[in-house]
Amino acid sequence: NLIITVANINHRKGHISYLAVIKKLIKDFKSIRFMFIGRDDLNGLVQNEIKKLQLENHIEIVGFKKDVDYYYKNAKICVLPSTWGEGSPTSIIESMSWGTPVISYDVGGCAEIIKNNFDGFIVPRNNSEVLYQSIKKLLTNRQLLEKMSKNGLINSKKYLLENCTNQHKKVFNQLIN
């Protein structure tokens, strides 16, 4: 039961407010583990909060990793708790390409990548209760998790370089003609 967050640790990525959701989840799921992957821009602030909330046995911060495939491959769910400032997060596309469903707040372009209730969940911004319920739903509904995993694999293919290049060519050709 590994849930990952692939995002540099800074205020806009929502790690600190996400800790309250994690605390609630570990009461329901004793074997659940969380992993934060990304550069620490807050100089240990999140680690201090983790200690304060006594979550050290449930959350591992592994820092920046150049290659995160191992983590996506071994995760059950990827959560992006960003509260603002997202464009088109690569972590969502990468996660889906490994068949790992994504749950994200509805910020920036996240809802343009994730098809809500199809290959992941889009949660109203800063709604920690809906975030909690969405994670819980995937952890308790194996069929839904597998369905979203398969759908994410399909959805991620449209972001392959070849497909994006072909779409650009199509647009440029329409402009020329």
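Residues are numbered from 1 along each chain as its sequence is written, and side-chain values use heavy atoms, with hydrogens and water left out. Because the model is predicted, local features need pLDDT of at least 70 and side-chain atom pairs count only at pLDDT 80 or more, while totals for chains, interfaces and linings use all residues.

Six strands form an open sheet in the order 3-2-1-4-5-6, with parallel pairing; here strands (E, at least two residues) and helices (H or I, at least four residues) are DSSP runs numbered from the N terminus, and two strands pair if DSSP finds at least two bridges between them. Strand 3 (59–63) and strand 6 (120–123) are the edge strands, each of which pairs on one side only. From one strand to the next, the twist averages 20°, angles being taken from 0 to 180 degrees between N-to-C directions, along axes that are lines fitted to C-alpha atoms, for helices over the stretch in contact.

Strand 1 (residues 2–6) and strand 2 (residues 33–37) run parallel and are joined by five bridges, with Leu2 standing opposite Arg33 of strand 2. In a regular strand the side chains alternate between the two faces of the sheet. In strand 1, Leu2, Ile4 and Val6 on one side and Ile3 and Thr5 on the other are all buried, where buried means under 20% relative accessible area, exposed over 50%, and partly exposed in between (1.4 Å probe, protein chains only).

Beyond its neighbours within four places in sequence, Ile135 is in contact with residues including Ile3, Tyr18, Val21 and Ile103, contact meaning heavy atoms within 4.5 Å.

Helix 6 (residues 128–140) and helix 7 (residues 142–156) pack at an angle of about 100°, and their axes are 5 Å apart. Helix 6 is therefore roughly perpendicular to helix 7, since angles of 65 to 115 degrees count as roughly perpendicular, those under 35 as roughly parallel, those over 145 as roughly antiparallel and the rest as oblique. Lys137, Leu138 and Thr140 of helix 6 meet Arg142, Leu144, Leu145 and Met148 of helix 7 in this contact.

Two serine residues remain to be described. Ser104, in strand 5 (residues 102–105), is buried, with a relative accessible area of 1%, and its contacts beyond four places in sequence include Leu80, Ile92 and Phe121. Ser149, in helix 7, counts as buried at 17% relative accessibility. Beyond four places in sequence, Ser149 is in contact with Gly99 and Pro101, and its C-alpha atom is separated by 8.2 Å from that of Trp98, 51 residues apart along the chain.
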